[in-house]
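Notebook open, model on the screen. I'm jotting things down as I look them up.

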Amino acid sequence: NALELDLRMAIEGGDLQIAYQPLIDAPTHQMTGVEALVRWNRPGHGPVSPETFIPIAETSGLIEALGLFVLRKACETAKQWPELRISVNVSPGQFRNPAFADYVRYVLKQTEIEAKRVTLEVTEGYMIQNPQRTRQAIERLKALGVKVALDDFGSGFSSIGYLRQFGFDRIKIDRSLVMDILESDSQREMLQATVALARSLDIPVTAEGIETEEQAIAVRLFGCDTLQGYFFGRPMPADQITERLMQAR
Ligand code: G
Ligand code: G
Ligand code: MN
Ligand code: NA
């Protein structure tokens with residue numbers, strides 16, 4: 001269909017943009033990293049959300065090329081920010097590919113970025129179906145020196161069991177869990193319990209979707225070491241990240 005065709009052309013032409021959202025160190029409120037988020041401005045139509053086009057890329061065989069583009073571009077861009085870590089989302093279709101770790105190694109070499117600065121964010125969907133393969137894939141990635149984070153934790157069938165068996169370096173608490181912590185006792189208790197469990201396994205925790213200072217204070221108190229959300233910065237063009245770094249110096 002037309003959307004798929006346009007997406008294919010955008011990927012082939014390198015006509016996708018990447019926005020970067022600050023990742024904030026909770027104790028100091030300093031920006032210590034960014035998450036890369038792909039953006040597509042469809043010619044003649046305007047912006048299309050990744051929530052729409054990522055699933056299309058998944059089912060039409062375009063996800064690998066798209067994922068490779070984002071990873072390479074993000075690593076290349078991050079080289080100008082030596083003080084920052086770079087997080088990149090990986091979709092199940094990429095993760096499923098046995099050659100995934102090989103192409104991550106290739107991109108690391110090509111862009112000459114330090115592996116330890118790179119975090120790959122994966123969601124749990126695929127893991128439930130293929131725990132054995134997931135474990136192998138994560139092992140291979142960690143052997144390259146990159147970090148692997150479990151994204152959107154708490155949004156679906158998350159189980160603390162995954163954290164133990166897969167060796168994630170970090171979990172990111174989904175914003176649906178963060179959203180109502182100040183209004184709802186049960187939401188707050190759920191978040192606290194989740195963070196406490198992760199920390200009992202020595203896994204550091206990022207809180208997503210922080211929109212107010214009160215939320216930032218609360219999740220830090222509960223043990224999240226990294227904060228992300230509109231309160232600290234929306235996803236923005238690379239130039240604006242550079243500007244922030246210059247202001248902070
Ligand atoms: O950036 P935004 O809020 O529009 O993201 C919507 C969804 O798309 C989120 O779940 C996010 O993880 C996902 N997403 C954004 N960029 C990428 C990407 O480069 N690759 C993959 N696989 N998912 C992405
Ligand atoms: O699935 P993932 O966690 O990768 O999704 C990341 C997306 O969440 C970002 O692309 C961004 O658009 C969105 N996001 C980031 N911070 C906030 C926030 O504080 N509030 C809301 N509503 N969305 C956010
Ligand atoms: Mn993410
Ligand atoms: Na996330």
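I began with a bridge: Ala149 has Arg170 of S7 as its partner. Strand S7 covers residues 170-173, and three bridges join it to S6, with the two running parallel. I take strands as DSSP runs of E of at least two residues and helices as runs of H or I of at least four, numbered from the N terminus. Two strands count as paired if DSSP finds at least two bridges between them.

This is a predicted model, where local features need pLDDT of at least 70, side-chain atom pairs count only at pLDDT 80 or more, and totals for chains, interfaces and linings use all residues. Residues are numbered from 1 along each chain as its sequence is written, while chains are lettered from A and ligands numbered from 1 in the order in which they are written.

I then looked at what else S6 pairs with. S5 and S6 are parallel too, over four bridges, and Thr119 has Lys147 of S6 as its bridge partner. Is S6 largely enclosed, or open? Largely enclosed, because six of the seven residues in 147-153 are buried. My cut-offs: buried is 20 or more other C-beta atoms within 10 Å of a residue's own, exposed is 12 or fewer, partly exposed is in between, with C-beta atoms placed from the backbone.

**Whole chain**

I counted twelve helices and nine strands in the protein chain. Its radius of gyration is 18 Å, which agrees with the value near 18 Å for a compact globule of 249 residues. That radius is taken over C-alpha atoms, and the globule rule is 2.2 Å times the number of residues to the power 0.38. The C-alpha trace spans about 50 × 45 × 35 Å along its principal axes. I get 36% of the 249 residues as buried. Of the contacts with a separation of 6 or more, 63% are between residues 24 or more positions apart; a contact means C-beta atoms, placed from the backbone, within 7 Å.

**Helix H1**

In H1 (residues 2-12), I find Leu7, Ala10 and Ile11 buried. They sit on the same side of H1 because they cover an arc of only 95 degrees around the axis, the arc being that of the directions from the helix axis to the C-beta atoms. Ala2, Leu5, Met9 and Glu12 are exposed on the other side. The buried residues pack against S2, H2 and helix H3 (63-78). Just after H1, Gly14 has a positive phi of about 65 degrees.

Most residues other than glycine have a negative phi. I noted Glu112, with a positive phi of about 55 degrees, in the loop between H5 (100-111) and S5 (118-122). Glu112 counts as exposed, with 9 C-beta neighbours inside 10 Å. I also noted Asp202, with a positive phi near 65 degrees, in the loop between H10 (185-200) and S8 (205-207). Asp202 is exposed, with 6 other C-beta atoms within 10 Å.

**Ligands**

For the shells, a residue is near a molecule if its C-beta atom, placed from the backbone, lies within 6 Å of it. Around ligand 1 I list Leu37, Val38, Ser49, Pro50, Glu51, Ile54, Val70, Asn89, Ser91 and Pro235. Strand S2 (31-42) and helix H2 (50-59) are the elements giving two or more residues, and H2 gives the most, three. That shell divides into six nonpolar, three polar and one charged. I count Ala, Val, Leu, Ile, Met, Phe, Trp, Tyr, Cys and Pro as nonpolar, Asp, Glu, Lys and Arg as charged, and the others, Gly among them, as polar.

Ligand 2 has 13 residues around it, the closest being Leu37, Gly209, Glu211, Gly229 and Tyr230. Its shell splits into four nonpolar, four polar and five charged.

Notes. Contact = placed C-beta atoms within 7 Å.
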